[in-house]
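Visitor: Hi, could you walk me through this one? I'd like to ask things as they come up.
Guide: Happy to, let's have a look together.

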Amino acid sequence: MEQKENHAGRKKGGLITMPFIFANEVCEKLAVVGFNTNMISYLTTQLHMPLTKAANTLTNFSGTASLTPLLGAFIADSFAGKFWTVTAASIIYQIGMVSLTLSAVLPQFRPPPCHGEEVCKQASAGQLAVLYISLLLGALGSGGIRPCIVAFGADQFDESDPKQTTRTWTYFNWYYFVMGAAILVAVTVLVYIQDNIGWGLGLGIPTVAMFISIIAFIVGYPLYRNLNPVGSPFTRLVQVGVAAFRKRKLPNVAHHGLLYQNDEIDAAISMGGKLLHTEQMKFLDKAAIVTEEDESGKAPNLWRLSTVHRVEELKSIIRMGPIWASGILLITAYAQQSTFSLQQAKTMDRHLTKTFEIPAGSMSVFTILTMLTTTAFYDRVFIKVARRFTGLDRGISFLHRMGIGFVISTLATFVAGFIEMKRKRAAWAHGLFDHPHATIPISVFWLVPQYSLHGMAEAFMSIGHLEFFYDQAPESMRSTAMALFWTAISVGNYVSTLLVTLVHKFSAGPNGSNWLPDNNLNKGKLEYFYWLITVLQFLNLIYYLVCAKLYTYKPIQVHDKGDSSSEVELTTTV
């Protein structure tokens with residue numbers, strides 16, 4: 001099942017593998033964020049897309065790139081393993097980046113530039129096809145990298161080993177911090193290069209970085225703790241459902257001890273411990289009821305009879321569903337930073353000095369800086385203080401951590417509405433209301449509160465979400481669990497697209513007015529849009545609190561590797 005020793009006898013995994021894994025993540029994030037952060041500007045200024053079409057193209061790509069992890073996780077957990085899935089996906093992503101960079105360098109892949117007030121020629125079908133193919137390759141590559149690299153890094157730490165001092169929740173803080181540092185470089189250095197030097201170099205640098213990340217990741221192979229795939233987790237889930245349906249007319253057993261258990265067939269999927277029976281969703285327990293027909297064969301037919309462990313795998317995934325759904329609207333709110341918040345920044349005074357102007361795409365640096373600062377504070381100060389009151393090693397549970405993030409995210413969009421009102425008042429006061437391309441004499445730093453609050457919310461909610469999925473998922477389905485994290489991001493981006501489309505359609509007035517106008521943000525009602533998201537987030541917060549209150553942590557029976565005896569301890573992870 002797992003490779004533990006190398007030729008020198010050193011136990012595999014541990015901290016020594018982190019530079020190779022983090023190198024892959026840093027370079028991958030340079031590529032992804034260096035492309036995504038300023039892409040709204042590329043689509044509108046280089047390909048001359050209308051604003052709403054460009055915003056929806058970007059969120060649709062982000063949504064697709066966050067949906068493909070389901071495919072990557074299936075491949076990794078079923079037969080390829082995490083290492084080979086990440087390697088192959090990185091190569092596919094590399095091809096997409098090369099294609100996109102060439103389209104930015106070669107003029108035949110872009111419409112001719114326009115000057116002044118002349119009507120800009122939009123990109124042709126062929127030029128858009130090159131763009132979409134590049135985006136598709138990037139989305140497919142991300143699908144293999146995103147769910148597997150996080151779980152693969154966490155796999156390097158064996159928490160059931162008493163000699164293992166580094167905990168996975170510490171790893172997730174490190175992971176997000178390193179990822180944030182890479183994003184910080186992308187939204188400052190790369191965005192500046194794209195805006196002031198050229199898109200060819202601005203996309204070429206992350207393309208080279210992606211190539212370096214592939215080499216670094218492969219070089220570390222001899223050091224990794226590799227867990228072999230144990231067959232399709234989706235097949236096991238379906239088998240439980242089919243077996244329960246076949247036995248739906250049977251009465252439930254008097255005691256769960258009468259349900260079928262088989263440590264031998266579960267050995268490969270319960271290396272870290274066996275899931276114990278829970279009282280919820282008892283109709284699924286019928287899959288583990290032994291009948292005379294089941295006893296007649298030597299080997300159990302898993303389409304008729306499932307073990308308690310396998311039944312509890314399905315229960316765990318179902319229990320995680322409502323918590324998963326609660327994260328969607330936070331992503332919808334966060335998505336506005338790369339679309340409408342960026343367009344706000346483009347209309348404001350971004351000068352630090354008379355000669356230096358902050359690129360609009362680099363405003364997200366305040367989100368990242370706040371996220372990094374909050375994560376460092378959380379890991380080094382908050383956990384130690386909270387531990388004194390809660391007694392938990394991680395300070396507070398990941399459900400509490402996520403709840404704090406939801407509250408802060410709701411506050412972020414609430415504040416954003418008032419900042420937009422102030423920006424429009426400044427445009428009106430200076431006679432620039434009808435001049436969408438003019439710079440309004442109001443500092444872009446008025447946008448810092450909303451960007452920073454989103455960063456703080458991410459440090460609590462997103463890392464807590466990662467911890468939740470990895471910790472509560474069955475051990476053989478952790479890549480799939482990471483895919484659920486990215487799928488929530490996918491759905492959040494699609495909800496953003498749907499919300500923008502509906503608001504744009506139904507807020508249109510007979511005189512051409514619109515909450516989200518295509519050409520002049522000053523004439524819109526962006527603040528109403530932000531407050532609509534605020535109301536939706538508040539309702540989502542209430543929903544989350546109910547789900548968190550009712551959530552049942554998975555119970556697991558773990559063998560202590562530090563003791564050669566057969567004693568087991570019952571643990572419920574919190």
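Predicted model: local features only at pLDDT ≥ 70, side-chain atom pairs only at ≥ 80, totals over all residues.

Visitor: Where do Lys315 and Glu312 lie?

Guide: Both are in helix H12 (residues 308-326), three residues apart, which is about one turn of the helix.

Visitor: How many salt bridges does the structure hold?

Guide: There are 16. One of them joins the side chains of Asp263 and Lys274, at 3.3 Å from N to O. That pair links distant parts of the chain, with Asp263 in helix H10 (residues 263-266) and Lys274 in strand E1 (residues 274-275), eleven residues apart.

Visitor: Is Lys274 buried or exposed?

Guide: Lys274 counts as buried, because its relative accessibility is 18% and the cut-off for buried is under 20%.

Visitor: What about Glu467 and Arg401?

Guide: Their side chains meet in a salt bridge too, at 2.8 Å from N to O. Glu467 belongs to helix H17 and Arg401 to helix H16 (residues 398-429), so the pair, 66 residues apart, links distant parts of the chain. Glu467 and Arg401 are both buried.

Visitor: Changing topic: how many cavities of 30 Å³ or more are there?

Guide: Five. The largest cavity holds about 760 Å³ of space.

Visitor: What lines the largest one?

Guide: Its lining has 34 residues, and those nearest the centre are Val33, Asn36, Ile183, Tyr334 and Glu458. By kind, the lining splits into 19 nonpolar, twelve polar and three charged residues.

Visitor: Which helices supply at least two residues each?

Guide: Helix H1 (18-36), helix H3 (51-67), helix H7 (168-196), helix H13 (328-335), helix H15 (365-390), helix H17 (448-472) and helix H18 (478-506).

Visitor: Why does Leu550 count as exposed?

Guide: Because its relative accessibility is 65%, and exposed means over 50%.

Visitor: Last one: where is Gly204 found?

Guide: Gly204 sits in helix H8 (residues 199-219). With a relative accessible area of 17%, Gly204 is buried. Its C-alpha atom is 18 Å from that of Leu184, 20 residues apart along the chain.

Definitions and conventions: Residues numbered from 1 in each chain as written. Heavy atoms only, no water. Buried < 20%, exposed > 50% of the residue type's maximum accessible area, 1.4 Å probe, protein only. 1 Å grid on protein atoms, 1.4 Å probe; cavity = no way out; pocket = protein on both sides within 12 Å on 5 of 7 lines; lining within 4 Å. Points joined across faces, edges and corners; volume = space filled by probe spheres on them. Helix = DSSP H or I, 4+ residues; strand = E, 2+ residues; numbered from the N terminus. Nonpolar A, V, L, I, M, F, W, Y, C, P; charged D, E, K, R; others polar. Salt bridge = Lys/Arg side-chain N within 4 Å of Asp/Glu carboxyl O.
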